[in-house]
Amino acid sequence: MRDRRIEIGIERGQRLEIQVDGEKVVAYQGETIAAALIASGRRTFRRTQKKNEPRGMYCGIGLCFECEMEINGVPNTRACQTLVTPGCQVKTKTSPDQTEDEL
Amino acid sequence: MKKVELLIIGAGPAGMSAAIEAVQAGVQVTMLDENTLAGGQIFRQFHDGFHVTDPKALGHDYKRGQTLLSEFASIRNNVEYMDACLSWGIFENNEIAILRDGDSQSFCFQKLIISTGAFDRPVPFPGWTLPGVFTAGGAQRLVKNQQVLPGENILLVGSGPLQLALASQILKVGGKVAGIVEAGRVENWGKLARASWGQWSLLADAARYFWEIGKARIPFLRNHIIVEARGSGQVEEAIIAEVDRNWRPKPGTEQIFKVDTVAVGYGFIPSTELTQMAGCQHRYDLLRGGWIVDRRENMKTSLPDVFAAGDCTGVAGSLVAIDEGRIAGLAVAQALGYLTKTDAQQRMHPYYKRLARSKRFREVVDTISFPRPGLYELPRNDTMICRCREIPFGEIQEVLQEETEDMNEIKRRLGTGMGPCQGRMCGPAIQAIVAQKKKIDPANLGFLNPRPPLKPVELSALADHTQL
């Protein structure tokens, strides 16, 4: 899989690594988790509770909540609204939905 | 509770422009924005880490954004600016509750300008939940703001000018566009030409987009829509079909595009949660995106202390948002006694003049690209309508067979709109489906009542609020 990053008119921030379901994934400072995953060819960010369907980023502006993942132990975190940090732990959401705990 | 003179919610083109005018007139401005950086969606800034080396390579929108952002930066020291801040409820007596860093706070405003923008119209069709189907705005944000291509081979489907802009942006960075599928139909070229007269900057953009798309030999299919996305685990192919003038697919015209990515852009929906919750009067205008706030003179809503500007009042794009924002800022300055009526009118004049010109153009473009009934007839029984709670079209249809046409009743019965997106993704589609099935004017249907909190908020924050 080719890296889907482009560099037109910009330079990226510092290279770092994040952990996605235990695998190392390269990311750069300033990227969102969603962008880093998509750049590496990963598209399924969670599976749904009822039908176990794969879902990934859809709206990209924090409204649809389709990109919810477990990020640094915090469940139901939107990958499109969260910036990468060195060593951050990202897990595909497969466990039962926890949205009931929220409002 | 903190008392403020002017509260502006949303730091996109409209909000920034309103702040600039109000501060220059002497108003004390407090500004709240959900993002960490000002700019809104269209003028979204790069996060720390990215370093711009060649602003020219980033295109016209970037340049336009920089012009406004630097003007805003010059007054920012005079603004109480709160970033990463969710305005989750408006209550009586001009009170707004916000959440920032896990803490709930509230403000009491003398005047309020709501400039919360718009979001991509979600359109359900079989396969629209597959990974690899993005909204056009979401795909654009990846390309423009993260410099990541959403996929290897991208099909753009929808209606309206964003498709052209997005195609050009993808091509410019070396991405592959499989085709552009445009549902709209120009029925009156003469009217379009007359309305375009004078819109030189927008026309130059359009000409450049068409030239780039033509040069790259990208298939451009008019009067076609996507009817299905298929794939195992992610998008592998998109089925498109030719449509009639109501956007109903013509049998036998289906074509398959082997693509891994579909960007769907059927225009935008105004973010009216705050104007609705504030209690402003709204009206239904399909051409401007659906329910929009009803305005009096100078961007004032039906409530004397509440003004609204930009796409949240009816989708019209960033240039209109800037002019509306400036007028709103001046109107508030006048209402608070910082400007005389004559002075305010004089300053508003150039913005009104520009608005009148762009209005004609926008109306013609809207007439071409607004969603026709066929768009909402694509779901099959197993197509998810509510993405959050996994409620398929079949279940909604069952409820509709009974005597229900109340959006809030459907919400109570099925739980649509009760997941974390709070109905933003399914609400517009359910409204269109109900209106079409029951043959009711959507204006008589009402809408899903937004209730606080407007986005998922931890219970502890609400507990904080009740103690205030």
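**Figure 1. Where chain A meets chain B.** The contact in this predicted model brings together 41 residues from chain A and 48 residues from chain B. On the side of chain A that touches chain B, three elements each supply at least two residues: strand E1 (10–11), helix H1 (33–39) and strand E5 (54–55). Which of them gives the most? That is H1(A), with three residues. Sorted by class, this side of chain A holds 17 nonpolar, eleven polar and 13 charged residues.

Figure 2. To find your place in the view, look for A:Glu11, whose bridge partner in E3(B) is B:His51.

**Figure 3. Chain A at a glance.** Chain A has 103 residues, and buried residues make up 39% of them. Contacts also reach along the sequence: taking those in chain A between residues at least 6 apart, 38% join residues at least 24 apart.

**Figure 4. The five-stranded sheet of chain A.** Five strands form an open sheet in the order E3-E2-E8-E6-E7, with mixed pairing. Which strands stand at the edges? They are strand E3 (23–28) and strand E7 (74–78) of chain A; each has a single partner strand, so one side of each is left without a neighbour in the sheet. On average, neighbouring strands in this sheet are turned by 40 degrees against each other, direction ignored.

**Figure 5. A closer look at E7(A).** Strand E6 (residues 68–71) of chain A pairs with E7(A) over three bridges, in the antiparallel sense. In this pairing A:Met69 stands opposite A:Thr77 of E7(A). Another residue to look for is A:Pro75, which also lies in strand E7 of chain A. Is A:Pro75 buried or partly exposed? With 16 other C-beta atoms within 10 Å, A:Pro75 is partly exposed. Between the C-alpha atoms of A:Pro75 and A:Ile61, which are 14 residues apart along the chain, the separation is 19 Å.

**Figure 6. Two helices of chain B side by side.** Now we turn to chain B, where the axes of helix H3 (residues 136–145) and helix H4 (residues 162–172) come within 10 Å and cross at roughly 30 degrees. Because of that angle, H3(B) is roughly parallel to H4(B). The crossing in which H3(B) passes H4(B) is left-handed. From H3(B), the contact is made by B:Ala136, B:Ala139, B:Gln140, B:Val143 and B:Lys144. From H4(B), it is made by B:Leu162, B:Gln163, B:Leu166, B:Gln169 and B:Ile170. What classes do the residues of this contact belong to? Six are nonpolar, three are polar and one is charged.

**Figure 7. A buried strand in chain B.** Five of the five residues of strand E16 (residues 261–265) of chain B are buried, so this strand is largely enclosed by the rest of the structure. In a regular strand, side chains alternate between the two faces of the sheet. Both faces of E16(B) are covered, with buried B:Thr261, B:Ala263 and B:Gly265 on one side and buried B:Val262 and B:Val264 on the other.

Figure 8. Strand E9 (residues 133–135) of chain B pairs with E16(B) over three bridges in the parallel sense. Within that pairing, B:Thr135 has B:Val264 of E16(B) as its bridge partner. Strand E10 (residues 154–158) of chain B also runs parallel to E16(B) and is joined to it by five bridges. Here B:Gly158 stands opposite B:Gly265 in E16(B).

**Figure 9. A loop glycine in chain B.** Where does B:Gly317 sit? B:Gly317 is in the loop between strand E20 (306–308) and helix H8 (318–335) of chain B. This glycine counts as partly exposed, with 19 C-beta neighbours inside 10 Å; a residue needs 20 or more to be buried. Look also for B:Pro13: B:Gly317 and B:Pro13 are 304 residues apart in sequence, and their C-alpha atoms are 9.3 Å apart in space.

Key. Residues numbered from 1 in each chain as written. Chains lettered and ligands numbered in written order. Predicted model: local features only at pLDDT ≥ 70, side-chain atom pairs only at ≥ 80, totals over all residues. Contact = placed C-beta atoms within 7 Å. Helix = DSSP H or I, 4+ residues; strand = E, 2+ residues; numbered from the N terminus. Nonpolar A, V, L, I, M, F, W, Y, C, P; charged D, E, K, R; others polar. Pairing = 2+ DSSP bridges. Axes fitted to C-alpha atoms, helices over the stretch in contact; angles between N-to-C directions. Parallel < 35°, antiparallel > 145°, perpendicular 65-115°, else oblique. Left-handed = near helix turned anticlockwise from the far one by under 90°. Buried ≥ 20, exposed ≤ 12 C-beta atoms within 10 Å, placed from the backbone.
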